[in-house]
Amino acid sequence: MTGRRCNFSIFCNTECGFSPYFQEDQTDISIANCSKNIENHLASVGLKSDDIPTEGHLICFRVGIFSALKSYAVCPLHRYALGICWRKKAGCSHPQHSGKAKPDRAVTLDMSRAISMYDGKLVPVGSGICRKCRTVVYEQISNLHEEDIDCDASEPEDVEKY
Ligand SMILES: [Zn+2]
Ligand SMILES: [Zn+2]
């Protein structure tokens, strides 16, 4: 994988490569083909599967792409580092967090999207968040809905082929 970068390298600021966890994976693959079972991973970080239908969605959401871009390719390293081998950091991950409150829930898709819009920071889905910060984010989410900003998570229609 010399020199070539997958579409996720730019979001992570890390080089592409192989994953120590899945050494049999040797090539980049399309997000559309990322279909490993993610249920155990979602449960381990405290997320429900309602919002995150596939491994491909999970990988895109982790970098702040709030829809699955199926034409994107991902290398083995970024696939697993962002997907099922991703681990949350200790402590509350909200950018405005202060105090000693411990995280007690996971950042959902809606929460991650709201934080990115209001704070300009990416807090990946599955990160921990404390009760106090959650209250702030819930408020922001309800404001978003009031402002009726389109939060459609579906992929744009394919460009017409000729
Ligand atoms: Zn990569
Ligand atoms: Zn907090």
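Predicted model: local features only at pLDDT ≥ 70, side-chain atom pairs only at ≥ 80, totals over all residues.
**Figure 1. N13, a non-glycine residue with a positive phi.** N13 sits in the loop that links α1 (9-12) to β1 (29-30). Its phi is positive, about 60°, even though N13 is not a glycine. As a reminder, most residues other than glycine have a negative phi. Is N13 buried or exposed? N13 has 6 other C-beta atoms within 10 Å, so it is exposed.

Figure 2. The protein chain contains six helices and four strands. Followed along the sequence, these elements come in the pattern α-β-α-α-β-α-β-α-β-α. The chain has 162 residues, and 32% of them count as buried. If we take the contacts between residues at least 6 apart in sequence, 66% join residues at least 24 apart.

Figure 3. R4 belongs to the segment before α1. R4 has 10 other C-beta atoms within 10 Å and is therefore exposed. Its C-alpha atom is separated by 7.8 Å from that of C16, a residue 12 places away along the chain. A43 is found in helix α2 (residues 39-45). With 11 other C-beta atoms within 10 Å, A43 is exposed. How far apart in space are A43 and G126, which are 83 residues apart in sequence? From C-alpha to C-alpha, A43 and G126 are 9.5 Å apart.

**Figure 4. Helix α3, a mostly covered helix.** Eight of the eight residues of α3 are buried. They are E55, G56, H57, L58, I59, C60, F61 and R62, so the list includes charged side chains such as E55 and R62. What do these buried residues pack against? Their partners are β2, α4 and α5. After the helix comes G64, whose phi is positive and near 90°.

**Figure 5. H57 within α3.** H57 is part of helix α3. It counts as buried because 24 C-beta neighbours lie inside 10 Å. Leaving aside neighbours within four places in sequence, H57 is in contact with I52 and A68. H57 and L69 are 12 residues apart in sequence, and their C-alpha atoms are 8.1 Å apart in space.

**Figure 6. The largest nonpolar core.** This core has 34 residues, and I52, I59 and V74 are those with the most contacts inside it. Which elements each supply at least two of its residues? They are α3, β2 (73-74), α4 (76-82), α5 and α6. Domain 1 (9-82) and domain 2 (88-150) both contribute residues, so the core lies between them.

**Figure 7. V74 and its surroundings.** V74 is one of the residues with the most contacts inside the largest nonpolar core. Once neighbours within four places in sequence are left aside, V74 is in contact with C6, N7, F8, D28, I29, I31, C34, I59 and R79. One of these, I59, is a buried residue of α3.

**Figure 8. Helix α5 and what covers it.** In helix α5 (residues 109-119), the buried residues are L109, M111, S112, R113, A114 and I115. The elements that cover them include α3 (55-62), β4 (128-129) and α6 (131-146). The helix is followed by G120, which has a positive phi near 65°.

**Figure 9. The crossing of α5 and α6.** Two packed helices are described by the angle between their axes and the distance between the axes. For α5 and α6, the axes come within 9 Å and cross at roughly 85°. That makes α5 roughly perpendicular to α6.

Notes:
Residues numbered from 1 in each chain as written. Chains lettered and ligands numbered in written order. Buried ≥ 20, exposed ≤ 12 C-beta atoms within 10 Å, placed from the backbone. Contact = placed C-beta atoms within 7 Å. Core = buried A, V, L, I, M, F, W, Y, C linked by C-beta atoms within 7 Å. Domains from an automatic or database assignment. Axes fitted to C-alpha atoms, helices over the stretch in contact; angles between N-to-C directions. Parallel < 35°, antiparallel > 145°, perpendicular 65-115°, else oblique.
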